[in-house]
Amino acid sequence: MARETGLSVEGLNSIVELLKSKGIVVVEEHIVYIGKTTEEGLSYIEALPEEKVAEFVRSRGGSTSIEDVRSVLGESIASIGISWAVRRGWIRIEKGIIKLQSFTPLEKHREMLTLFSNAREVDENIKNDAVFQELVKRKLINVSPSKRRVVKLAIPYEDAAKLVNQKPAASKLTHDMLATGSWRNFVFKAYNLDALPPAIYPGKKHFFKEFVDMIRDVMEDLGFEEIDDDYIVPELWNFDILFQAQDHPSRDIHDILVVEGYADLSMFRDVVERTRAVHETGGSCGSIGWRYRWSYEKASKLILRSHTTAVTARHLINRKPPARLYTIARVFRRDNPDPRHSPEFTNFDGVIMERGFNFRKLLGLLAQILRAIGIEKFRFKPAYFPFTEPSVEGYGYVPGYGWIEVFGAGMFRPEVLEILGVDTPVGAWGMGVERLAMVVYGIDDIRLLFSKDIEFTRTFPYVKRLYMR
Amino acid sequence: MPVVRARTGLLMEMTGISDIDKLRDILFRLKCETEIEEGDTIAVEVQSDRIDMFSVEGISKAVRMYMGLDRYSEPSLKSCPFKVFVEPPKKRPYIAVAAVTNVKLDEERLKLLIEFQERLHTTFGRGRRKVAIGLHDLDKLPSTTLIYKDVDIDKTTMIPLHDYREFSIRDVLSLTEQGRLYGSLSLNGSMHPAILSDGKVISLPPVINSDITRLTEGSRNILIDVTGTDFESVNNVLNTIIHSLTFYGGEVLGAVIRYPDKEIVTPSIRPRKMELDLGFVSMWLGIDAGRDVEMVRKALERMGYRVDSVDSNRIAVMVPYYRIDILHPVDVVEDIAIGIGYEELGFAEIEPKPIARRGVSRRDVANIIRDVLIGLGFVELNTLTLIPQQIAEVLGLEKTPIVVNAPSNEINALRTALAESIINILRNSQYAPQPVKVFEIGEVVAECSECYNRWRNELRACWAIMDSETRFEEMHATLYTIARELGLDKMLALKPCNISMFTKGRCADVYIGERLVGFLGEVSPEKLEKLGILYPITLAEVSINILHKLISR
């Protein structure tokens, strides 16, 4: 094959291996015997030694001495030739004189030597031939075993012909191929459909922020306007204007996060004075107040807000009705992160201040909000918050999970209204957004909402957004 | 919220309700969540305003009245056999004393009574600092004349509860567990408050009682002392305990408390009269209280009020002596709502009011940036504003607000740039397949010397790429695209920056016209190395507050 194709044996080997791996050819291996006339054999191609001896004796008239043969034909030819001529019965030796009896030229021997003058395979007939065997025995032909590889087509000849006529393969179409038209010279490789594709990720909104946006849409449909405020606020906004006594346990340093320093409350003098009066004596709203000495310094202390009622209430200060306000933003608590706690999470708070607003309307509004965010089944439980009266907790039923406390709500207390400088009833509510989102999305660790793990966020399926519906 | 645990059977027996679902439903209507726990225990989560329901007796009484099984009745204050002479202790000047007879104690109820006492201590009593309670077996009291004063801890002795040996007060404070926990609350130098009877210390408020008057399951008549730092609270807690102990129908014995400047009688168990304007009730709840005055009266009675008189405009009620949470008529209004039932009040939905949208809101600007970045393949993050102060220090960001009482160093500062949160996240995401392309729209807290509260929130957007290689151009291209989508590309200009988190010469200050709106660049290898980040990061950050102002203008 190397000869025919002009390829090197090495090159041919690798091509054969490739074809074999693709099932186009099979390779068979045999042991064969190679015969080759030896140097000695080659020197006998004109005549074997016994022939030379017989011819010589004939040329001497049919009889001559051994010495004569030796001196003319040489020692080596003479001794081999005389020995084989005697064995063949061509001559007889009597008292040093050789006498020719008969002579048949060894043409077959010489043909055989010629045949194997170039190494060639010994076929079965020759192997059993007596002449050949004699020549091998006389070491005039050398026989050695050898491996032979035979390449055979494993596919029908027609298919092989098709393959041979095929174009080169390409893995992709390029601009160049189109521009030059060279795409015609290529076939495009088939894809391995079992292989996994490379990992790619879409640009994506964060699922929790989408949940927050869903609530925003609900609120804006109801006519509520979004408001905000700073994270770092004086305790005044977070507690005092909500009529939370200054020694109330929720104001404990173990529960809130504190920033160094104090706010300058001088520009809020009217609120501050109303706050003091209501805390100390109940002010003029008919309350008995907390009956203690209210501390301006404590109210000035800077903290990280712990709920966003601090935001909605502050926005009502000295405001005239009507107002529908909401905020959905971060709040802070002194908690170490664990599956159920985060030092920072999202509050959704709202207030509604309208003439004729009352507790029944608040319950109605809460029901509207719950239904709009997908909670069809809910219960209202009386509750306690320092700044609302009546107070209510809303429990929602999430299919596949069960009952979950969704929000706290109520009518701002008259004490709070007096502090805020508001003379219309105000309904208010607040809820932690993460807990509900976790239940809806089936996430059991709040820390996963704050994406320390980028894989979790970017592989969170879009379809889960629909679970609320 | 405090939780009262009791044997379900006991609560059923005391409330007279044997249907557990019904019992739980009534408790739900009375602000209490319940859970049935192992071992036939019911856990009742009570609300912190109703300290009269911190005991099994108080809960039972409220349930019985709600069901109409009981009506509110004042216990009778038969006599005042106790005289208390007060030399006000420096750090704990107030005391209130009373006794209740014929209390039905047994092993189970004694345990519940002690739990009730502890519940009051930890919540309303602020860990005994504000109010502490001593309960005694009245029949073991040496004398009905008591003295409340500071005593010298080295010259006074007592037998602490559950002991038989006489110790100096100093030893009681240092050797007993209660002494170690509460011994410092009212100690004033070497003086500590004590209650003495016939010269013997019967109580060392707020630490421990004497063993002399130890309460046992056989005790029938109980003496209560309440001491504290606030006059009102001390008297309120005494009333709460009397309310619980008179559940069994006993009588109340009072005390004359003689302060240096005045003399008062405890307990003060006369109900307070409160007048409710029916118009106010109607306005607040959204019902017609004048028309449905019978419904209102019934609601009030099942909530434990005695209705004194009713006319067309007002209703006068007697507020029970133990309802210390009633500060204002509105608190009675809530009880009317609870008495009726929130669900029974009915809901009135509000009219949706479409908002007229004017101009471009800050949220609009944020959403444009968000959409562009998502289109460019960035993934949105939701990170904490709280960061480790270490990140700010390494990145060289100054004027960072520090949380002085942070529970851990991972959350002891607030970010002044979103880049801090994002780099912190990227540091944790080096294992993830790259490129990591992320962004966040969120608040940062910046110093504001002219602000009343010294720190101001600012809404920003930050986007970043972490990959085996990433360069300035990628951020520049993204920024340019955002500027174009906001209609600001013609005014966009980059100027050399001097921000220490970036490699010199490979960062820029971002200007829109004359306004500095942000920055972008390649995080420097020094910073990355310090943070243990092995992949290049480029990022950009812009202020949405400022962009919004520019666009609105």
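What share of the 553 residues in chain B is buried? Buried residues make up 48% of chain B. A residue counts as buried if 20 or more other C-beta atoms lie within 10 Å of its own, as exposed if 12 or fewer do, and as partly exposed in between, with C-beta atoms placed from the backbone. The model is predicted, and local features need pLDDT of at least 70, side-chain atom pairs count only at pLDDT 80 or more, and totals for chains, interfaces and linings use all residues. Residues are numbered from 1 along each chain as its sequence is written, while chains are lettered from A and ligands numbered from 1 in the order in which they are written.

The overall form of chain B was examined next. Its secondary structure comes to 17 helices and 27 strands. Helices (H or I, at least four residues) and strands (E, at least two) are DSSP runs, numbered from the N terminus. The radius of gyration of chain B, taken over C-alpha atoms, is 33 Å. Along its principal axes, the C-alpha trace of chain B spans about 90 × 70 × 50 Å. Contacts require C-beta atoms, placed from the backbone, to lie within 7 Å. Among contacts in chain B between residues at least 6 apart in sequence, 69% join residues at least 24 apart.

Chain B is assigned four domains: domain 1 (3-66), domain 2 (77-266), domain 3 (272-343) and domain 4 (362-552). Such bounds come from an automatic or database domain assignment. The C-alpha centres of domain 3 and domain 4 of chain B are 57 Å apart. In chain A, the assignment gives domain 1 (2-161) and domain 2 (207-228 + 306-468). Here the C-alpha centres of the two domains lie 106 Å apart.

Chain B contains an open sheet of 7 strands with mixed pairing, in the order 19-22-23-27-26-25-24. Two strands pair if DSSP finds at least two bridges between them. Strand 19 (379-380) and strand 24 (492-496) of chain B are the edges, and each pairs on one side only. Within the sheet, strand 23 (residues 455-466) and strand 27 (residues 537-543) of chain B run antiparallel, joined by 7 bridges. B:Ala464 stands opposite B:Leu539 of strand 27. Helix 12 (residues 362-375) of chain B packs on the sheet and touches strand 19, strand 22 (436-447) and strand 23. The direction of helix 12 makes about 10 degrees with that of strand 23 of chain B. Axes are lines fitted to C-alpha atoms, for helices over the stretch in contact, and angles run from 0 to 180 degrees between N-to-C directions.

A hairpin in chain B joins strand 17 to strand 18 through 3 residues. Strand 17 (residues 306-310) and strand 18 (residues 314-319) of chain B are antiparallel, with 4 bridges. B:Arg306 has B:Met318 as its bridge partner.

In chain A, strand 12 (residues 301-304) runs antiparallel to strand 10 (residues 232-234), with 3 bridges. A:Pro234 is partnered by A:Leu302. Strand 12 of chain A also pairs with strand 11 (residues 258-262) in the antiparallel sense, over 2 bridges.

The two chains meet through 70 residues of chain A and 74 residues of chain B. On the chain A side, helix 17 (residues 359-372) gives the most, with 8 residues.

Definitions and conventions:
Rg over C-alpha atoms; globule rule 2.2 N^0.38 Å.
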